[in-house]
Amino acid sequence: MTKPLILVTGKDGQLGFELMQLSEQFNNQFNFLFVGRNELDLSNSDAIASFIKQHQPQYIVNCAAYTAVDKAETEQELAYAINATAPAVMAKVCAEMGCKLIHISTDYVFDGEKQQSYLPTDAIHPLNVYGSSKAAGEKLVAENSNDAVIIRTSWVYSSHGKNFVKAMLKLMSDRPEINVVADQIGCPTYAADLAEAIMKIICSNVVSTSTKIYHYSNTGNISWFQFAQAIQEIGEKDCKVNPIPSTAYPTPAKRSNYSVMDTSDIEKDFGVEIKDWKKSLEKCIHLL
Ligand SMILES: NC(=O)c1ccc[n+]([C@@H]2O[C@H](COP(=O)([O-])OP(=O)(O)OC[C@H]3O[C@@H](n4cnc5c(N)ncnc54)[C@H](OP(=O)(O)O)[C@@H]3O)[C@@H](O)[C@H]2O)c1
């Protein structure tokens, strides 16, 4: 019997890379097709539809996204093309073909005003173009599909790609002291853990009758400053980490000061395990 095919976009990004690493453990159950920008440019809607129809996957995991949060403020059209139009096309073609879409979204859809763990059903209010484009993607996926799984995640890092952990380790090696924002609270997510959660969802064979939004991050309720302190401690760096307010580190895109997400739905519906943020950070830093 032919094995179901899982098409994964964004193979060169953090999550796509971690899924590729993990796929080796699932090769007896599934065929995988990993694509990057060169194989499938998500700014080209026609190409997306014909690529999916040509390969006929049973699952699509959309890890690709326009993730340059500050640059998105001046590249709105491109951000919307990748983060909203592309997933909408995927959802539409998936619905036509009976293929299941797992789409990744972000905590940036929230404004942080709640100051308590966000539920997937809480009202959204993005503060910047990136968040708005991802919110538009969620809406279009839900409108075009009846059984997609949308996973919002936050503060993603990996041993691969560009992220806060690697940037901090480099800065801590180069400088005697650094300043890190201490008034934005959230949850880090090790992309390898999210990749495991995605494979757990696929393997669960849970039949969805509607498109549903889930939250996934590691445990935790920490500031970027506390995250940096842990990176310094685990990475054994001789560097002083100073807390600063967000006002001392202005960025083109406005950021929320609170984005902790409630993960109980993904645990309940799919038996996904939420791992301890510090243990996962240790794993990643030891790999580096
Ligand atoms: N990183 C975070 O902190 C974070 C937080 C919350 C949610 N998320 C979401 O989590 C998901 C995975 O994020 P990530 O951290 O793995 O992102 P990432 O490392 O930035 O990877 C995104 C990938 O998307 C690809 N991409 C961008 N434009 C494309 C296009 N036109 N055609 C094809 N591919 C394109 C990029 O390709 P190139 O390598 O060629 O540029 C890149 O490999 C995304 O949906 C993101 O919005 C991320």
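**Helices and a loop contact**

Mentor: Start with helix α6, residues 191-204: its 14 residues reach 20 Å from the first C-alpha to the last, close to the 20 Å expected at 1.5 Å a residue. The expected span is 1.5 Å times one less than the number of residues. Helices here are DSSP runs of H or I with at least four residues, strands are runs of E with at least two, and both are numbered from the N terminus. This is a predicted model, where local features need pLDDT of at least 70, side-chain atom pairs count only at pLDDT 80 or more, and totals for chains, interfaces and linings use all residues. Residues are numbered from 1 along each chain as its sequence is written, and side-chain values use heavy atoms, with hydrogens and water left out.

Trainee: Is α6 mostly covered or mostly open?

Mentor: Mostly covered, with ten of the 14 residues buried. Buried means under 20% relative accessible area, exposed over 50%, and partly exposed in between, using a 1.4 Å probe and protein chains only. Among the buried ones are D193, L194, I198 and M199.

Trainee: What follows α6?

Mentor: N205, with a positive phi near 55°.

Trainee: Next topic. At what angle do α3 and α4 pack?

Mentor: Helix α3 (residues 76-97) and helix α4 (residues 129-144) pack at about 15°, with axes 8 Å apart. That makes α3 roughly parallel to α4, a term for angles under 35 degrees; over 145 is roughly antiparallel, 65 to 115 roughly perpendicular, and the rest oblique. The axes are lines fitted to C-alpha atoms over the stretch in contact, and angles run from 0 to 180 degrees between N-to-C directions.

Trainee: Which residues meet there?

Mentor: On the α3 side they include Y80, P87 and K92, and on the α4 side they include Y130, K134 and L140. The contact residues divide into twelve nonpolar, six polar and two charged.

Trainee: Now Q116. Where is Q116 found, and is Q116 buried or exposed?

Mentor: Q116 lies in the loop between β4 (100-106) and α4. Q116 counts as exposed because its relative accessibility is 52%. Beyond neighbours within four places in sequence, Q116 is in contact (heavy atoms within 4.5 Å) with Y258 and V260.

Trainee: How many residues apart are Q116 and Y258?

Mentor: They are 142 residues apart along the chain, with C-alpha atoms separated by 8.1 Å. Y258 is in the loop between β12 (240-244) and α8 (264-270). At 7% relative accessibility, Y258 counts as buried.

Trainee: What else does Y258 contact?

Mentor: Again leaving aside neighbours within four places in sequence, the contacts of Y258 include G112, Y118, I185 and N221.

Note on methods. Ala, Val, Leu, Ile, Met, Phe, Trp, Tyr, Cys and Pro count as nonpolar, Asp, Glu, Lys and Arg as charged, and the others, Gly among them, as polar.
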